[in-house]
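Hi everyone, thanks for coming. Let me put the model up on the screen, and then we can walk through it together.

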Amino acid sequence: MKNIAVIGAGTMGNGIAHTFAQKGFQVNLIDISEKSLEKGMATITTNLDRMVAKETISESDKNATLSNIKTFTSTEEGVKNVDLVVEAATENVDLKLKIFQQLSEITAENVILATNTSSISITQIAAVTNRADKVIGMHFMNPVPIMKLVEIIRGYNTSDEVTKTIMDLSVTLGKVPVEVNDYPGFVANRILMPMINESIETLYNGVAGVQEIDTVMKLGMAHPMGPLQLADFIGLDVCLSILNVMYDGFKNPKYAPCPLLVNMVMAGKLGVKSGEGFYDYSESKKAEKVSKSFQ
Ligand code: NAD
């Protein structure tokens, strides 16, 4: 495998493109929004600069990584001659089904179609393609260039061969892949999201404030970041979508999103990406918090 397309240049897509490009893959980064592509490339450049400053990579590694990435606003153009597509567009089931239907039509049948979805059924996505055996979950963690884990999710029809190819590829990227089965939220978010939701519920019930809740979890449970701050980094809209997928999938009220989370998303308070969530990420504070996440 040499040529990869990444669909979506947001929080995850730019990190995935960065990670592949740094390992010498040719990456076509695709987004419907020119602005997202520009922002994504700016984030990759900033993160590479930080690595150069820390001497984890050289200036020439940085330049080589950037030259391995091309940007596209047309999916049709961006997926020409690639061996693998990693989809990291917005967490919305209808959108993902539409994208995979299109990928099925415009890519050769041997191309593996992976999704970075946090919770949506791989089996459901695979069902709209002409190659359910070659559709797989490749769930990177945020921030992608730093985090070691890739959750590899086998859909009902994903073949052993494709699973092995993607497990091996993850190792080539310097990651640790873990194979899991396809149920709502998989493993990572099935455990993480109820904790985040309960933290929001604790705030909503007036038990404690934002700083207090995060401090209890950081100092008391040795979490590197409190759950409310983590929710801000993930994106509150993404958290809400994942909880809704688990709530619908299991029909169990324990996954019902806290009304405060719903309200914040409706109010456009999405966390780091919108400038405000449980914390304030106005320009002066933002630089400090983002750089901390890369330490
Ligand atoms: P995001 O909102 O930051 O970015 C999504 C991007 O997709 C946007 O730039 C948008 O313009 C683009 N997009 C929308 N429709 C598109 C289309 N048809 N074609 C091309 N691009 C399109 O979202 P994100 O946080 O990067 O999440 C992306 C995926 O990764 C989701 O499935 C999410 O569940 C998953 N994920 C997120 C995290 C996290 O911490 N944010 C972690 C793991 C997995």
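I'll start with the ligand and its surroundings, then turn to the nonpolar cores.

A word on the ground rules: this is a predicted model, where local features need pLDDT of at least 70, side-chain atom pairs count only at pLDDT 80 or more, and totals for chains, interfaces and linings use all residues. Residues are numbered from 1 along each chain as its sequence is written, and side-chain values use heavy atoms, with hydrogens and water left out.

So, what surrounds the ligand? There are 24 residues, counting any with a heavy atom within 4 Å of it, and the closest are M12, D31, E91, K96 and S118. By type, the shell holds ten nonpolar, ten polar (Gly goes in this group) and four charged residues (Asp, Glu, Lys and Arg). Helix α5 gives the most, with three residues.

Now the polar contacts, meaning N or O pairs within 3.5 Å. A polar side-chain atom of K96 sits 2.7 Å from a ligand oxygen. For the side chain of N116, the distance from an N or O atom to a ligand oxygen is 2.9 Å, and for N142 it is 3.4 Å. The protein buries 88% of the 840 Å² that the ligand exposes when taken alone, by Shrake-Rupley with a 1.4 Å probe.

On to the cores: buried nonpolar residues (under 20% relative accessible area), joined through side-chain atoms within 4.5 Å. The largest has 35 residues, and F20, M138 and F140 touch the most other members. Helix α2, residues 34-53, gives the most to this core, with six. Apart from it lies another core of 27 residues, including I213 and Y281.

How values were computed. A polar contact is a pair of N or O atoms within 3.5 Å; within protein, one must be able to donate a hydrogen and the other to accept it, and residues adjacent in sequence count only if both atoms are side-chain atoms. Helices (H or I, at least four residues) and strands (E, at least two) are DSSP runs, numbered from the N terminus. Buried means under 20% relative accessible area, exposed over 50%, partly exposed in between (1.4 Å probe, protein chains only).
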